[in-house]
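Let's take a walk through this structure, one stop at a time. Have the 3D view open and follow along.

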Amino acid sequence: MGKPEISSLSWTRIPKGYQLGVKLKAGLNVKFNGFREQDVDNLSNFMTNTLGVTPEEKQLSISGRNWGEVNLEGNMLTFLVGSKPAFEVSLADVSQTQLQGKNDVVLEFHVDDTTGANEKDSLMELSFHIPNSNTTFAGDEATPPAQIFREKIMSMADVGPSGAEAVALFEDIAILTPRGRYTIELHLSFLRLQGQANDFKIQYSSVVRLFVLPKSPHTLVVITLDPPIRKGQTFYPHIVLQFAMEELAECALSMNEELLNTKYKDKLEPSYKGLSHEVFTQILRGLSAAKVTQPGKFRSSQDGYAVRASLKAEDGILYPLEKSFFFLPKPPTLILHEEIEYLEFERHGTGGASSISSHYFDLIIRLKSEQEHQFRNIQRNEYHNLFNFISSKGLKIMNLGDAHGTSGVAAVLENSDDEAVDPHLERIKSAREGGAGEDSDEEDEDFIAEKDDAGSPTDDSEEEQSDASESEETKEKPAKKEVKKKEAPVAKATGTKRKKKDEEEDGGKKRKLKKKKKDPNAPKRAMPGFMFFSQIERENVKKSNPGIPFTEVAKALGERWKKMSAEEKEPYESRAKADQKRYKDAMAGYKSGPTNIIDSGNESDSE
């Protein structure tokens, strides 16, 4: 920094010493830390005599107030409280900006492993609230002061448009994670995602791999990053872009011919024309040198590349790839084959579960790190293809062992009453009998078959069961006659027990239990919140899915109820509480009234 370049000098007292600030005529500010108190006078005299500039002393604001004014000058943002600087930050360190609501602007800073190695804390985020009454960044109804402040930051910080023109530009691209619509700029060394409220600058050195995965009627392009980008407190290691499958695009690269023929020879072409996702992927691959992964040999029962599944209550699709499994779109989960310790199948419909759930199964992937991913509700007709694919990759399947007897899917083979047994399930059975390696078979303790045929996710007590459920139980009782014979009837009088025992011994025949008759005067049982929800939404489900079987309607309602938040369930739960109160009050009057005499099946004086 020569004498003609220097505009002004300043000293600032900071913890453990002094800071020398040098302001250049070009607008930049440079800071030097670590000066001792005894150095200040000597250096000030030297600068005055040699440079002709006398350093001024700057006083920091120590009031502790967090409201004041912002001064943007050169590459520095200064926050002033009472005309004194409270703090300064370099705008070159800002990585992205976000507009939250109409009045808040959030600045996020670059994360660099190579700097600040000795610092325990690093500045990650700074949030400013700019009220509509602000006059420094005056705006109007369409453009509030906060937006003007953000645009000013973008024009000065590292998040704004760079001086160099983008090599390629893709506008209005739908991104599923992080969700939004963005304009994507592909530069020589980085790509930039510019949205209405978020901006991300991603170095190509962070791009690990690209995935191109069809999901009719779209094609997903996934950019895997290390380190991930950050939005608020959430990190995103995968950027999931969505292109229309049949959409066409043309793109001419903004790159000089010399650079194209030297550094990017055989990597890029002067122009591209074709499907939009192919054009984008080819250009990004040429600039970043990242490898591209596409679907391999796996085919589903519908000749697709993936199977439908659920992960953490989110519906999506699971792609079995040649070297990994990839669940998309949310939460995007990549599982490499080399990270897997074993896989395990869990078949629905065992243990007396409903016939609805028997059409689905779960796939559990256990990692060597002891982490576990459970992909639920995979259709039964996908089981054959998945099993063959996983076996061909040499991955360990726990259901084929013999150590603890039959469990998981193999148990269904031996105990299921389903006549339509899949051929591939027979293959598992034969594999078990033939000794499929040294894999141990663990008991399936985590899997508990659902008992509610109605598909309700709630766990209601007997008192809250609906009349419909009660009538189903009554219909099933004759079919379970053998079980009921073994149960002793409950009676209060010991004389009655003795009399029944004598009758059974003398007659040599087992006494049939008398069914409990329902009193028509008894109050109607209270209904749970799910039943109120079902009454209202059942017709909507039928209209949305013409011809849907009755059993599938119940399952669809149950799945929707599981995904609802507590706030969404609140109206139905409120009605259930009111109905429960109604039932309790009615039961109190019923028990105290003269009508509380019903045929209980026991011998008594009242009968």
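Start at Lys 31, which has a relative accessible area of 28% and so counts as partly exposed. Keep in mind that this is a predicted model. The partner of Lys 31 is Glu 88: the two form a salt bridge, with their closest N and O atoms 3.0 Å apart. This pair ties together distant parts of the chain, since Lys 31 sits in strand β3 (residues 29–35) and Glu 88 in strand β7 (residues 84–90), 57 residues apart. Glu 88 is partly exposed too, because its relative accessibility is 30%.

Side chains of opposite charge can pair when their charged atoms come close. Searching the whole structure turns up 15 salt bridges. Another one joins Arg 181 to Asp 172, and here the closest N and O atoms are 2.8 Å apart. Asp 172, at 49% relative accessibility, is classed as partly exposed.

Now hop over to helix α13 (residues 566–592), where Asp 585 and Lys 581 are 4 residues apart, so about one helical turn separates them. They form a salt bridge as well, with 3.2 Å between the closest N and O atoms. Lys 581 is exposed at 55% relative accessibility, while Asp 585 is partly exposed at 46%.

Because 10 of its 13 residues are buried, α4 is largely enclosed by the rest of the structure. Among the buried ones are Val 279, Phe 280, Ile 283, Leu 284 and Leu 287. Just past the helix, Ala 289 adopts a positive phi of about 65 degrees.

Notes. Residues numbered from 1 in each chain as written. Predicted model: local features only at pLDDT ≥ 70, side-chain atom pairs only at ≥ 80, totals over all residues. Heavy atoms only, no water. Buried < 20%, exposed > 50% of the residue type's maximum accessible area, 1.4 Å probe, protein only. Helix = DSSP H or I, 4+ residues; strand = E, 2+ residues; numbered from the N terminus. Salt bridge = Lys/Arg side-chain N within 4 Å of Asp/Glu carboxyl O.
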